[in-house]
Amino acid sequence: MRKYILFFTLLLFTFSTKINAQANYKSGEFLKFRIHYSGLNAGFATIEVKDVTLNGKSHFHIIGKGSSSGAVRAFFKVEDLYESYIDKSDFKPTKFVRNVVEGSYKRHQIYYFDHANKKAKVENKRDGTTKTETIPSDAQDLLSAFYSLRNADHSKLKTGDFLNENIFLGDETLKFKLKILGREVLKTKFGKINAIKIRPYVQSGRIFEESESVTMWVSDDDNLMPLKIKAGLLVGSLNADLYEYKNLKATSKFTK
């Protein structure tokens, strides 16, 4: 359960395809997900988009929050905050904040990206230390990776395609490989919607029970909005379902 942070990680898989000149999301967008852990109501997670200026440049400010509730919170408290500042000129992250409490595990870090020199400075706010890590020039953070996905052209994603992304986690860069499994109609609380089914391949033994234990569905439209996630963990299972959305840039069409 310490890796409850995984919920966000699951949402963040991205495609290394050519992104659009403009973002497929806008300031004011808000997404809320309901989380279940092994059948129990585990809490909610939200992601919202704002506009800010950082270092004199226009950025998207992405704010992700997650907290446990109910029976799960009684034995495992979660209060997670993630913030990503994405440069609108190239859709790469400039700054990332990770401030999490997951049971006894606590971490407060800030990443500063220097993509031109392939470096990232990591400030650890809890112990006052700072380190510099080498990163790929295309490195993303957890939240920016998710929004990079949403700038892909959904019409060009074909069944059987394998895609890759580099996600910097503060002390290492993980390579995620994804496979497009196909398209199907997904039933949600809002109705039925055309969806793309995705399989992220991850290293087994770290968090997941096996390398193919995660499945994700996103809307088959310009939003590429996450709709549902299913994951088998080393202990128990995790499900996340879209619970609320507003201020999408494009229209997602749900039918009865």
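This is a predicted model: local features need pLDDT of at least 70, side-chain atom pairs count only at pLDDT 80 or more; totals for chains, interfaces and linings use all residues.

Visitor: How many bridges join E1 to E2?
Guide: There are 8. E1 covers residues 30–37 and E2 covers residues 40–54. The two strands run antiparallel.

Visitor: What sits between E1 and E2?
Guide: A turn of 2 residues, which makes the pair a hairpin. Ser-38 is in that turn, with a positive phi of about 50°.

Visitor: Which residue in the turn between E2 and E3 has a positive phi?
Guide: Asn-55, at about 55°. E2 and E3 also form a hairpin, with 2 residues between them.

Visitor: Switching topic. What's the overall make-up in helices and strands?
Guide: The protein chain has 3 helices and 14 strands. It has 256 residues, and 51% of them count as buried. The accessible surface is about 11500 Å². Carbon and sulfur atoms account for 46% of that surface.

Visitor: Where is Ile-135?
Guide: In the loop between strand E8 (129–134) and helix H3 (142–149).

Visitor: Is Ile-135 buried or exposed?
Guide: Buried. Its relative accessible area is 3%, so Ile-135 falls under the 20% cut-off for buried residues.

Visitor: What does Ile-135 touch?
Guide: Leaving out residues up to four places away in sequence, Ile-135 touches Phe-113, His-115, Lys-118, Lys-119, Ala-120, Phe-168 and Thr-173. Ile-167 is 32 residues from Ile-135 along the chain, and their C-alpha atoms are 9.2 Å apart.

Visitor: Let's move on to E9. How many of its residues are buried?
Guide: 5 of its 7 residues, so by the under-20% cut-off the strand is mostly covered. E9 runs over residues 162–168.

Visitor: Which strand is E9 joined to by 7 bridges?
Guide: E10, residues 173–188. E9 and E10 run antiparallel. Leu-163 stands opposite Leu-178 in E10.

Visitor: How many residues lie between the strands in that hairpin of E9 and E10?
Guide: There are 4. Gly-170 takes a positive phi near 100° there.

Conventions
Residues are numbered from 1 along each chain as its sequence is written. Side-chain values use heavy atoms; hydrogens and water are left out. Two strands pair if DSSP finds at least two bridges between them. Buried means under 20% relative accessible area, exposed over 50%, partly exposed in between (1.4 Å probe, protein chains only). Contact means heavy atoms within 4.5 Å. Accessible areas come from the Shrake-Rupley method with a 1.4 Å probe; for residues, only the protein chains shown count as cover.
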